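Please look through the structure below with its sequence at hand.

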Amino acid sequence: MSPILTCLLCHHHCCLADGEIGFCRARQHQQGRLVSLSYGKLTSLALDPIEKKPLYHFHPGTHILSAGSFGCNLACPFCQNHEISQHGREATRFVLPPEKLAALAGKMHKETGSIGLAFTYNEPLINIEYVLDTFRLIKETGLATVLVTNGSLAPARFHDLLPLTDAMNIDLKCFTEKGCRSLSGNLAETKENIVQAVRFGTHVELTTLIVPGLNDRLLEMRDEAQWIASLSPEIPLHLTRYFPRYHACRPETSLSCLAALSREAKQYLTWVHLGNV
């Protein structure tokens, strides 16, 4: 009988008996080993404007091949990609080992001018082995590597990504522990990884989806903007408008609320962008 194993990839520290799958739906205990269920398995593949990531200050005006898998280690009730993030391997549509995905990124570069590869749509960090293996191949070609992530990963493992990642957009869901816990997140872990990326020299942009009643207070935005500015006032912050999605039915964020939070953030940050308006 296999012992119970603890997955240390993120803050959940899932304790899994043989055959059990973790909170993220992407990692399983198989006969004494923790195995990635999503390695090489994709649900989404598209050529996107870089601004859709959103990255406004990293090769603006270009496109990038964007790939997503399944699963997530958060449980946001308003997730706009819940069809893949809140599902498991049954959502798989493509199987592409790192070599084939890297080759496709190279092909798209030659045919369309695409700048590289972004892992996005679901949470890529829960599939870290696939990300690392693919990014190593992408970097050999000189193309760009991008992550769109919630930043929820054990900091030691997050550090492994930094030499291979050119740019990140990190979701800073809330700036209170209570708010992050309500989404099954961990603010301290996310903040530590943002600090790591900034100090390493990775291009970092941050996104906060403004949800009424969750993170729309001026005081919370002041705290968030001041903290970001303590790292660098030049870090771009994207404030995006919430609309009802998935299990969330509260009314959409008002434009006046978004404008007020933007004015607050601009007291400390050089670049504040509004999205979904």
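## A buried charged pair

Lys53 counts as buried because its relative accessibility is 5%, where buried means under 20% relative accessible area, exposed means over 50% and partly exposed lies in between, as found with a 1.4 Å probe on protein chains only. Asp48 is likewise buried, at 5% relative accessibility, and Lys53 forms a salt bridge with Asp48 in which the closest N and O atoms are 2.9 Å apart. A salt bridge is here a side-chain nitrogen of Lys or Arg within 4 Å of a carboxyl oxygen of Asp or Glu. Side chains of opposite charge can pair when their charged atoms come close.

The model is a predicted one, in which local features need pLDDT of at least 70 and side-chain atom pairs count only at pLDDT 80 or more, while totals for chains, interfaces and linings use all residues. Residues are numbered from 1 along each chain as its sequence is written, and side-chain values use heavy atoms, with hydrogens and water left out.

## Salt bridges within helices

The count of salt bridges comes to 10. One of them joins the side chains of Asp133 and Arg136, at 3.0 Å from N to O, and both residues lie in helix 3 (residues 128-140), 3 residues apart, which is about one turn of the helix. Helices (H or I, at least four residues) and strands (E, at least two) are DSSP runs, numbered from the N terminus. Asp133 is partly exposed at 29% relative accessibility, and Arg136 is partly exposed with a relative accessible area of 41%.

Another salt bridge links Asp160 with Arg157, whose closest N and O atoms are 3.3 Å apart; these two residues lie in helix 4 (residues 155-161), again 3 residues apart, or about one turn of the helix. Asp160 counts as partly exposed at 35% relative accessibility, as does Arg157 with a relative accessible area of 29%. Elsewhere, salt bridges that share partners join Asp48, Lys52 and Lys53 into one network.

## The largest pocket

The largest pocket is lined by 36 residues, and those nearest its centre are Lys53, Gln80, Asn81, Asp171 and Thr207. On a 1 Å grid over the protein atoms alone, a pocket is an open set of points with protein on both sides within 12 Å along at least five of seven lines, whereas a cavity is a set where a 1.4 Å probe fits but cannot get out, and lining residues have an atom within 4 Å of a point. The elements that give two or more residues to this lining are strand 10 (144-149), strand 11 (167-171), strand 12 (203-210), strand 13 (237-241) and strand 14 (272-275).

## Three cysteines from the record

An unreviewed UniProt entry places the feature "binding site" at Cys72, Cys76 and Cys79, and the lining of the largest pocket includes Cys72, Cys76 and Cys79. UniProt positions are given in the numbering used here, feature names are shortened, and annotations may be inferred rather than shown by experiment.

Cys76 is placed in the loop between strand 7 (63-68) and helix 1 (82-85), and Cys79 also lies in the loop between strand 7 and helix 1. Cys76 is buried at 5% relative accessibility, and Cys79 is buried with a relative accessible area of 17%. Leaving aside neighbours within four places in sequence, Cys76 is in contact with Lys173, Leu183 and Tyr246, contact meaning heavy atoms within 4.5 Å. On that basis, Cys79 is in contact with Ser85, Arg245 and Tyr246.
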